[in-house]
Each structure stands twice: as C-alpha cells, then as structure tokens.
Amino acid sequence: MKTDTQEKTATKLVTKTVTIESKTVALPIENIDTDQIIPARFLKTTSMEGLGDNLFLDWRYLPDGSPNPDFALNKPSAKGAEILIAGDNFGCGSSREHAPWALKQYGFKAIISTSFADIFKGNALKNGLLPIIMPPDIHAELLKWPGIVLKIDLATQTVTLAGGRTVEFPIDPFAKQCLIEGVDELGYMLNQQPAIAAYEAKRAGTVNTLA
Amino acid sequence: MSTQPRTIVEKIWDNHVVTAQPGVPALIYIDLHLCHEVTTPQAFQTLRDRGLKVRRPDLTIATMDHSTPTTPHNLPILDTVGKAQLDQMEKNCADFGIRLYNLQSDKQGIVHVMGPEQGLTQPGMTIVCGDSHTATHGAFGALAFGIGTSQVGQVLATQCLLQQPSKTYAIRVEGKLQPGVTAKDIILAVIAKIGIGGGTECVFEYTGSTIRGLSMEERMTICNMSIEGGARAGLVAPDDTTYQYIAGREFAPKGKEWDAALARWQQLPTDEGATYAKELTLDANTLEPMVTFGTNPGMGIPISGLIPDPAGISDPIEKSDLIKALKYMDLKPGVPLKGHPINVVFVGSCTNSRISDLRAAASIMKGRKVNPKVRVLVVPGSQQVKKQAEAEGLDKIFREAGADFREAGCSMCLAMNGDQLEPGEYAVSTSNRNFEGRQGKGGRTFLASPLTAAASAITGVVTDVRSL
C-alpha cells in the first residue's frame with residue numbers, strides 16, 4: 001500500500017517534451033565544456049534561477065560588456081531558436097547541472113551533436129532538454145545551414161529535416177518514457193523503497209557508516 | 001552469482017544492484033555520498049519542497065571547498081554571495097542531520113582530499129559526489145563518479161541512483177618513470193593520446209607495473225583526471241599499498257571488521273581472463289614531463305615537444321578548434337612551449353594538493369627564489385595537509401622562496417573564490433582543466449605536474465624540471 005508521502009512524491013513534475021519545431025542556431029565548435037556554457041563564477045547561487053542570462057557569457061559579450069556581434073547566438077537570425085547544433089562531445093567538463101538549467105532558461109529545448117559527455121547528457125534529460133545524437137554526415141549538414149527549421153519528435157525518435165527527410169536518433173528508453181509521460185525519476189525511485197530496504201538488510205555489516 | 005571472469009568494475013556493479021528490471025536502468029546502491037556547497041543547495045530544496053528526509057545521513061558527509069576563501073578562515077568572508085552559499089550549507093546539514101566539516105573544522109578540505117585522508121574512501125564502494133572529479137576515490141578500487149544536482153537529490157532521498165552499466169577500458173602503464181616524470185605526466189599523456197572524449201561511456205581501470213609501483217596519492221592524481229579523458233570513472237584495483245594507506249584512519253574498519261573488510265577487498269581485482277571493452281598501453285620509460293598548450297586537457301605535449309601546427313590537420317572542425325585554441329592562448333604553432341614566459345604558478349586542486357605534491361614543489365623551491373615577475377600560490381588540499389606541511393617546515397620553504405602558502409580549498413582551479421588569473425595572464429597550474437577562462441576570465445592555463453610548476457616558478461618561464 002502506498003503511503004501519502006509516496007503518492008505525493010510520485011506527482012508529475014516534469015514538463016512534457018514531445019515535439020519541438022524550431023529553427024536552429026549553430027556553434028561549430030567541438031568539446032564545448034560546461035565552463036563555457038556557464039562559467040564557475042555563476043555557481044555561487046543557491047537557486048536555479050537567473051542562469052540563462054549568463055549562458056555562454058564569455059563568448060556572448062566583448063570585454064567592454066557589449067554583445068559580441070560575431071557570436072552565433074547574437075545574430076538577429078538566431079533569435080527565438082530552440083535547437084542548438086554544436087560540435088562533438090558537447091558538455092564535457094564539470095558535472096554542474098547549472099549548464100542544462102542555463103541552456104533551458106535561455107530558451108533551448110534540444111541540443112544536436114554527434115556525441116555528448118556522459119554527465120551532461122544525464123543532467124540534460126533530467127531537465128527536459130533533449131540531447132540528440134545525429135550521424136556525422138547529417139550533423140555536418142546541419143552545422144552548415146543554421147536557421148533551417150527542424151521538427152523533433154520524441155515519441156518516434158526522429159528529426160525531420162527540411163524537405164521532409166526523417167532521421168532517427170537514439171535515446172534512453174526510460175528517460176524517454178519519463179519525458180513523454182511527465183513522470184519524474186525521483187518519484188519512481190521512492191516507490192522502490194521496499195527493495196532498497198531489503199538490499200540494506202542483506203548488506204548489513206558490510207556498509208560502513210559514519211556513526 | 002556469475003562464474004564468468006569479471007573486471008573489478010563489473011564486480012562492484014554486481015554487488016550494488018538493488019533492482020534490475022527490463023526497460024529501466026538498474027537501481028544501484030550508493031555506499032558513500034560526499035557533499036559540498038556548490039552542487040547541493042537546489043537538491044536540499046527539492047527535499048524540502050517534497051517533504052522528504054535524507055535516507056542515510058550516516059552514509060553522507062559534507063565539507064566546504066569550492067567557494068571558500070583561502071585567506072585565513074577566522075577573517076570575515078567578504079564575498080556576500082559565496083558567504084550565503086556557505087551559510088546555506090550549514091543550514092542544510094543542520095536541518096537534515098548531515099556531518100559537516102566546515103571552515104572551522106580541522107578536517108575541512110577539498111572533498112576528494114578529505115574523503116581518503118579520513119579513511120572514508122574504501123575499496124569496493126560506490127561513491128558519488130556532485131563533482132566530476134569524484135573519480136579520484138577510484139584510486140582505492142572504489143567505483144566513484146560525479147553526478148548532477150538532480151541525482152544528488154535522488155541519492156539524498158533514496159541512497160540510490162538509476163544507472164546503465166559502464167564498459168571497462170584498461171589503461172596499462174608499464175615500465176619505470178624517469179626522474180622528473182610523475183603521475184600527473186602519465187595521465188596528461190593518456191589524455192593527449194585518447195582525446196578528451198576517448199573514454200565516453202567507460203570506466204578506466206589503470207593497471208600495469210608502473211601503476212602498481214605508485215603511492216596512493218599518485219594513484220589519486222591519475223584517477224582524478226579520468227573525467228578529462230571523458231570516462232565516467234577511473235580506478236585502480238586495491239593492493240597492499242591501498243590497505244596500508246587505509247589502516248588506522250578514522251573511518252577505517254577496526255579489529256574483526258578490518259579482517260572481514262580485507263577479505264572482501266581481496267576479491268575485487270579483475271579476474272584472469274576477463275575481457276575489456278577497450279585497451280591502451282603506455283610505455284612509462286619513454287614518458288617526459290607533459291604540459292598542455294591549448295584549451296582542453298587533451299591538448300598536451302611532452303616538454304621537449306613543439307606546439308602542433310593546424311596546417312597539418314585535415315579535419316576541418318579539429319583544425320578550426322586548434323586555431324581557436326592557439327588564438328585564445330596567443331601561441332604560435334611549430335615552436336616549443338618550453339621557455340614561454342608566465343605570470344602565475346598555482347600548486348593545488350584535487351589533482352595535486354596532497355602532502356606528496358607539496359613536498360615535490362618544496363624540493364624544487366628549497367633554497368631558491370621564485371622569479372619576481374611570477375605570483376605563486378600554494379594551496380593545500382585540506383587542513384590536515386596544511387598541518388602536515390607546516391610540521392615538515394614546507395610552509396617556510398614556500399614563503400622564503402617568495403610563494404604564498406594559503407588555506408585549504410579548490411581556489412584557483414576554478415576561480416570561484418576570488419583567487420583568479422587576470423585577463424591575458426599565463427599560469428602553470430597543477431590543476432585539471434585549462435578551458436577558456438577556467439582560472440579567471442581571459443586567463444590562460446598550462447597544466448603540468450607540481451615539479452614542472454615549481455621549476456617554472458623559479459625561472460619565470462615554462463621549464464623542464466630536469467634542466468634545473
């Protein structure tokens with residue numbers, strides 16, 4: 001029987017992410033690290049708010065504080081883009097979840113690359129930001145033609161390119177289910193408490209405690 | 001129980017599966033959860049919002065390291081935002097019953113220095129922390145990895161994580177290190193070879209005669225930078241060196257518990273005949289001191305080498321990335337990095353701030369003066385390291401040489417706490433990341449060992465320690 005707490009914690013908290021239709025903006029740079037996405041000096045916050053303003057801050061602004069006109073996100077054509085196309089190994093470096101928080105708050109809903117750093121990928125999925133892996137040839141084309149409109153459908157795991165061609169992308173099936181059904185992972189995990197207690201009983205005496 | 005030969009990674013995994021259902025990642029139990037002030041506040045807030053408790057405060061421990069000043073800890077903290085974060089950590093730990101080594105504690109320190117030195121880190125454990133350098137603890141044969149803040153909340157509430165199994169990637173280092181070549185040079189050479197995404201979806205198992213001959217602190221330096229090779233974690237199978245290090249520390253098992261733990265730990269090393277997903281072998285005999293020239297840790301060269309030339313690279317994005325890195329670093333291709341003037345030397349970080357690192361730096365600085373143009377910061381990894389360094393007189397060696405010896409913390413590794421490079425400055429740093437602006441906006445970082453850093457502090461240019 002579920003307790004009140006379990007019912008409460010199984011509440012659907014995550015915004016449903018099913019389809020995204022948007023123009024793209026491209027950063028043809030490999031290994032974009034989380035220090036570029038959100039510099040460490042902005043990690044002193046104790047909330048999740050206000051990070052979008054500091055996204056890519058040291059690339060977005062010139063030393064005098066004015067917007068860098070050469071940076072892709074500052075071009076008028078990039079305004080409103082919800083899909084970011086970036087080079088290989090996006091999100092490498094630190095484990096800061098502030099990186100996907102900042103990307104989402106800025107307005108991005110999906111990042112397309114050929115690969116993602118493991119921790120970033122996990123963090124992004126937990127925040128409804130889709131890390132989408134495309135084959136290198138398609139990815140190279142997308143980098144070349146920023147501004148085109150793409151349609152991403154999570155249910156069918158497809159990206160529809162201009163001209164109607166569709167390309168499939170891989171995604172962890174459980175993360176997909178959580179995103180489509182709007183169920184959060186913590187709620188799912190809290191419902192496993194009997195199994196966790198059984199495991200703890202089995203391991204008794206072999207787990208060190210700080211007591 | 002499987003009778004197939006298994007790697008140490010597979011054994012630790014098997015020991016920690018709580019549930020494994022089709023279509024869902026396995027629920028994995030976490031033996032030790034390390035917390036610090038930067039990546040936990042939002043997780044504690046989630047617990048408050050949902051009326052949850054910390055399931056195992058007895059398996060959770062916290063310290064303060066990232067946003068802490070390295071000026072004397074009895075002085076007021078001037079950075080009000082950083083201070084608010086530290087205050088929040090105090091409140092969160094008090095409210096949820098978590099042991100905290102705060103700035104007034106003599107056990108405070110960088111979370112990855114504190115854990116092992118207190119004996120918290122032990123073989124066969126699963127260890128997590130909201131910090132990508134958690135792999136440091138893998139030096140003890142633990143499966144230790146960095147997590148995001150959502151996962152910090154999950155571990156606080158359930159002591160578990162949903163995880164996919166990792167592939168094991170064997171990194172064999174064979175042979176004898178030459179004088180002046182260190183553990184840091186091994187890991188920089190590995191990353192230069194495989195690239196910063198080379199270990200994605202893998203856990204490195206460092207093995208081979210060279211690794212076996214390393215001290216625990218040297219093994220920690222290597223495991224620490226596993227993430228810089230893109231790996232989820234990195235570890236070294238435990239052996240007598242491991243057991244000797246742990247024995248007698250505060251949280252180490254004692255008496256009969258020690259005997260039982262030792263028997264379990266001795267089962268951990270990879271079985272004969274186990275298969276690895278990937279393997280790499282490195283010859284230690286031919287390694288030189290390594291130094292990075294670019295804006296990611298894979299952009300490293302031997303100290304006698306030349307900065308690579310984009311003209312020789314065919315892949316267009318790789319080429320433009322190298323051009324971008326050299327532009328940011330304001331370096332010319334095709335010339336040595338050795339001899340390049342520097343402004344700052346930083347000896348510290350979870351990679352290289354332990355007592356052996358400080359001894360190495362002191363061995364070079366003893367009886368010498370740092371170049372008057374160079375600002376030198378020596379930041380011990382913990383209060384315990386600082387105390388030990390003072391007992392050995394290392395603080396005097398640093399100060400007499402003209403270096404600044406500071407309080408424990410992450411400091412200039414990520415420049416959150418006010419210790420930072422000025423725009424355009426060059427630093428030789430013993431830390432782990434040389435990303436653009438990592439050590440301060442516009443700052444430029446050359447990653448190297450404590451020996452190379454100390455030698456460069458003396459000469460004022462990037463220096464081959466073997467030439468001093």
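This is a predicted model: local features need pLDDT of at least 70, side-chain atom pairs count only at pLDDT 80 or more; totals for chains, interfaces and linings use all residues.
Let me start with strand β4 of chain B, residues 60-63, which runs parallel to β5(B) and is joined to β5(B) by three bridges, where two strands pair if DSSP finds at least two bridges between them. Within that pairing, B:Ile61 stands opposite B:Arg99 in β5(B). Residues are numbered from 1 along each chain as its sequence is written, and chains are lettered from A and ligands numbered from 1 in the order in which they are written. Helices (H or I, at least four residues) and strands (E, at least two) are DSSP runs, numbered from the N terminus.

The two strands belong to an open sheet of five strands in chain B, ordered β5-β4-β3-β6-β7, with parallel pairing. At its edges are β5 (99-101) and β7 (143-146) of chain B, each of which pairs on one side only. On average, and with direction ignored, neighbouring strands of this sheet are turned by 20 degrees against each other.

Chain B also has an open sheet of four strands, in the order β11-β10-β9-β12, again with parallel pairing. Here β11 (233-235) and β12 (278-283) of chain B each have a single partner strand, so one side of each is left without a neighbour in the sheet. From one strand to the next, the twist averages 20 degrees. Strand β9 of chain B, residues 167-174, pairs with β12(B) in the parallel sense over six bridges, and B:Ile171 stands opposite B:Leu280 in β12(B). Helix α1 of chain B, residues 8-16, packs on this sheet and touches β9, β10 (202-207) and β11 of chain B, its direction making about 125 degrees with that of β10(B); axes are lines fitted to C-alpha atoms, for helices over the stretch in contact, and angles run from 0 to 180 degrees between N-to-C directions.

Finally, a helix pair: α6 (residues 183-194) and α8 (residues 216-224) of chain B pack at an angle of about 20 degrees, with their axes 8 Å apart. The two are therefore roughly parallel to each other, a term used for angles under 35 degrees. The contact is made by B:Ala183, B:Lys184, B:Ile186 and B:Ile187 of α6(B) and by B:Glu218, B:Thr221 and B:Ile222 of α8(B), contact meaning that C-beta atoms, placed from the backbone, lie within 7 Å.

Conventions: Angles under 35 degrees count as roughly parallel, over 145 as roughly antiparallel, 65 to 115 as roughly perpendicular and the rest as oblique. Two residues are in contact if their C-beta atoms, placed from the backbone, lie within 7 Å.
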